[in-house]
Amino acid sequence: MAAAGKKIVIFGATGRTGLSTLAQAIKAGYKVTVLIRDPARLPAELQPTRVLVGDVLKPSDVDQVVSGQDAVIVLLGTGNDLSPTTVMSEGTKNIVAAMKAHGVGKVVACTSGDKPLTGDYKLSLDAPGGPGSSRVISKDDLGHFMLRCVDTDEFDGHSVYLSGQYS
């Protein structure tokens with residue numbers, strides 16, 4: 001990955017996929033900013049460049065962290081809470097508005113499952129699956145792919161479907 005000096009913000013950084021993506025981004029040398037509601041959920045061993053305590057539902061908080069970024073990674077989710085929420089829809093609306101306001105043209109967004117990092121996953125563009133594919137992707141493999149997307153335009157404008165084979 002060509003991370004050297006690239007500034008990214010990760011939304012959803014304290015969730016399962018977010019923590020994996022954050023760890024990989026820090027290790028790869030990205031300058032990572034996170035917007036988190038609860039600083040206690042950020043492990044001490046994961047120290048992004050910048051931490052803002054706030055809420056994705058507050059446009060001013062989102063605006064602060066998007067300003068000056070090269071790319072945005074959106075990993076918003078509800079964890080195991082299946083009650084009605086607008087966090088993903090309203091949060092994403094605020095993120096897109098801030099990106100437009102600050103001229104940030106790169107966004108990578110997804111939700112995921114939970115399997116180990118293998119780096120060995122299939123992807124297909126604009127159509128799900130194919131022979132031997134599944135609907136399963138690990139949080140670690142997804143984080144790996146999200147960071148890969150930050151550094152290439154290969155997948156821009158496409159719906160990308162990832163799948164892995166895990167034992």
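Me: What should I know about the numbering and the values before I start?

Reply: Residues are numbered from 1 along each chain as its sequence is written, and side-chain values use heavy atoms, with hydrogens and water left out. Because the model is predicted, local features need pLDDT of at least 70 and side-chain atom pairs count only at pLDDT 80 or more, while totals for chains, interfaces and linings use all residues.

Me: How many helices and strands does the protein chain have, and what makes a run of residues one or the other?

Reply: Helices are DSSP runs of H or I with at least four residues, strands are runs of E with at least two, and both are numbered from the N terminus. The protein chain comes to four helices and seven strands, and from the N terminus on the elements run β-α-β-β-α-β-α-β-β-α-β.

Me: What makes β2 a largely enclosed strand?

Reply: Strand β2 covers residues 31-36, and five of its six residues are buried, so the rest of the structure largely encloses this strand. Strand β1 is mostly covered as well, with four of its five residues buried.

Me: How do you know that β2 is paired with β1 and with β3?

Reply: Two strands pair if DSSP finds at least two bridges between them. Strand β1 (residues 7-11) and β2 have five bridges and pair in the parallel sense, with Ile8 bridged to Val32 of β2 and Ile10 standing opposite Val34. Strand β3 (residues 50-53) is joined to β2 by four bridges, and these two strands also run parallel; here Thr33 has Arg50 as its bridge partner in β3. Strand β1 is joined to β4 by four bridges, again in parallel, and Ile10 has Ile73 as its bridge partner there.

Me: What is the handedness of the crossover between β1 and β2, and what does the term mean?

Reply: A crossover is right-handed if, with the strands pointing away from the viewer, the path from the first strand over the helix to the second runs clockwise. Between β1 and β2 the chain passes through helix α1 (residues 16-28), and this β-α-β crossover is right-handed.

Me: Which residues does Thr33 contact, and what counts as a contact?

Reply: Contact means heavy atoms within 4.5 Å.

Me: How do you know that the buried residues of α2 line one face of the helix?

Reply: Helix α2 (residues 59-66) has Asp61, Val62, Val65 and Val66 as its buried residues. Seen down the helix axis, these buried residues fall within an arc of 125°, so they line one face of α2; the arc is that of the directions from the helix axis to the C-beta atoms. Their cover includes β1, β2, β3 and α3 (87-102).

Me: What makes a group of residues a nonpolar core, and which residues have the most contacts inside the largest one?

Reply: A nonpolar core is a set of buried Ala, Val, Leu, Ile, Met, Phe, Trp, Tyr and Cys residues joined through side-chain atoms within 4.5 Å. The largest has 24 residues, and those with the most contacts inside it are Ile8, Ile10, Leu22, Val32 and Ile73. The elements that give two or more residues to this core are β1, α1, β2, β4 (71-74) and α4 (139-150), and α4 gives the most, with six residues. Apart from this core lies another, of 16 residues, among them Leu52, Val62, Val72 and Met99.

Key:
Buried < 20%, exposed > 50% of the residue type's maximum accessible area, 1.4 Å probe, protein only.
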